[in-house]
2 protein chains.
Amino acid sequence: MSDSGIEKISEIIHGRLRLGVMAYLANAEAASLTELKAVLDVTQGNLSIQMRKLEDAGYIAIDKAIVGRKSLTTVRITPEGRAAFVAYLEALSGVLGGQLKT
Amino acid sequence: MSDSGIEKISEIIHGRLRLGVMAYLANAEAASLTELKAVLDVTQGNLSIQMRKLEDAGYIAIDKAIVGRKSLTTVRITPEGRAAFVAYLEALSGVLGGQLKT
């Protein structure tokens, strides 16, 4: 174990796009895929790959529904995801010490 | 440009080990390679690869000296590195909103 605590930073969450998804969902609780794509300004392909990693970790849940003739994909943060995100923020704070002003 | 601001997060600094190096040097100003290896608990090979990326970006300066019969490598953060680290922290704060407590 290092003194710096970098190994406590979850690599699953730390990736920039995945971090964007988690930070957004931690606030919003749930979002449509369309909303996430717009907020994060990413292609569907790239977003899908990163969301898959978060889903595999159990941090988000993805629901697909047919509304009228359109498919609606809703993404929400799970309780496990919320706990992991809180732990991630704590680990990040530990590494950055008091250097981060929010 | 995304609303979330994830693209403002420097990928050069964001990598976990590089972030550990930058955060440590932002506090300590300079450190020996031995000290960095111990604090970050990493192998010399891995640390060297990541430090090279930070050096190529102009964020750290690496000096090698011979002291007695030993070689001493000193790593310090550059003014450009400090400015980039401050910008990184601001970008990270932007993405995380008020979620990060320090």
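**Note on helix packing and the sheet**

1. Helix 5 of chain A and helix 2 of chain B are oblique to each other. Their axes cross at roughly 40 degrees and come within 9 Å. Angles under 35 degrees would count as roughly parallel, and 65 to 115 as roughly perpendicular. On the chain A side, the contact uses Leu92(A), Val95(A) and Leu96(A) of helix 5. On the chain B side, Leu19(B), Gly20(B) and Ala23(B) of helix 2 make the contact. Helix 5 of chain A spans residues 79–96. Bear in mind that this is a predicted model.

2. Next, the sheet of chain A. Three strands form an open sheet in the order 1-3-2, with antiparallel pairing. Strand 1 (30–32) and strand 2 (60–67) of chain A are the edge strands, and each pairs on one side only. From one strand to the next, the twist averages 25 degrees. Helix 3 (residues 33–40) of chain A packs on this sheet, where it touches strand 1 and strand 3 of chain A. The direction of helix 3 makes about 90 degrees with that of strand 1 of chain A.

3. Within that sheet, strand 2 of chain A pairs with strand 3 (residues 70–77) of chain A over eight bridges, in the antiparallel sense. Ile66(A) stands opposite Ser71(A), which lies in strand 3 of chain A.

4. Helix 3 of chain A also packs with helix 4 (residues 44–56) of chain A. The angle is about 110 degrees, and the axes are 10 Å apart. That makes the two helices of chain A roughly perpendicular. Helix 3 of chain A brings Leu33(A), Leu36(A), Lys37(A) and Leu40(A) to the meeting. Helix 4 of chain A brings Gln44(A), Leu47(A) and Met51(A).

5. Now helix 4 (residues 44–56) of chain B. This helix has 13 residues. From first C-alpha to last it reaches 18 Å, close to the 18 Å expected at 1.5 Å a residue. After helix 4 of chain B comes Gly58(B), with a positive phi near 85 degrees.

6. Which residues of helix 4 of chain B are buried? They are Leu47(B), Gln50(B), Met51(B) and Leu54(B). These residues lie on the same side of helix 4 of chain B because they cover an arc of only 105 degrees around the axis. Arg52(B) and Asp56(B), on the other side of helix 4 of chain B, are exposed.

7. What covers the buried residues of helix 4 of chain B? The cover includes helix 1 (11–14), helix 2 (16–28) and helix 3 (33–40) of chain B. Strand 2 (60–67) and strand 3 (70–77) of chain B are also included.

Notes
Residues are numbered from 1 along each chain as its sequence is written. Chains are lettered from A and ligands numbered from 1 in the order in which they are written. This is a predicted model: local features need pLDDT of at least 70, side-chain atom pairs count only at pLDDT 80 or more; totals for chains, interfaces and linings use all residues. Side-chain values use heavy atoms; hydrogens and water are left out. Two strands pair if DSSP finds at least two bridges between them. Helices (H or I, at least four residues) and strands (E, at least two) are DSSP runs, numbered from the N terminus. Axes are lines fitted to C-alpha atoms, for helices over the stretch in contact, and angles run from 0 to 180 degrees between N-to-C directions. Contact means heavy atoms within 4.5 Å. The expected span of a helix is 1.5 Å times one less than its number of residues. Buried means under 20% relative accessible area, exposed over 50%, partly exposed in between (1.4 Å probe, protein chains only). The arc is that of the directions from the helix axis to the C-beta atoms. Angles under 35 degrees count as roughly parallel, over 145 as roughly antiparallel, 65 to 115 as roughly perpendicular and the rest as oblique.
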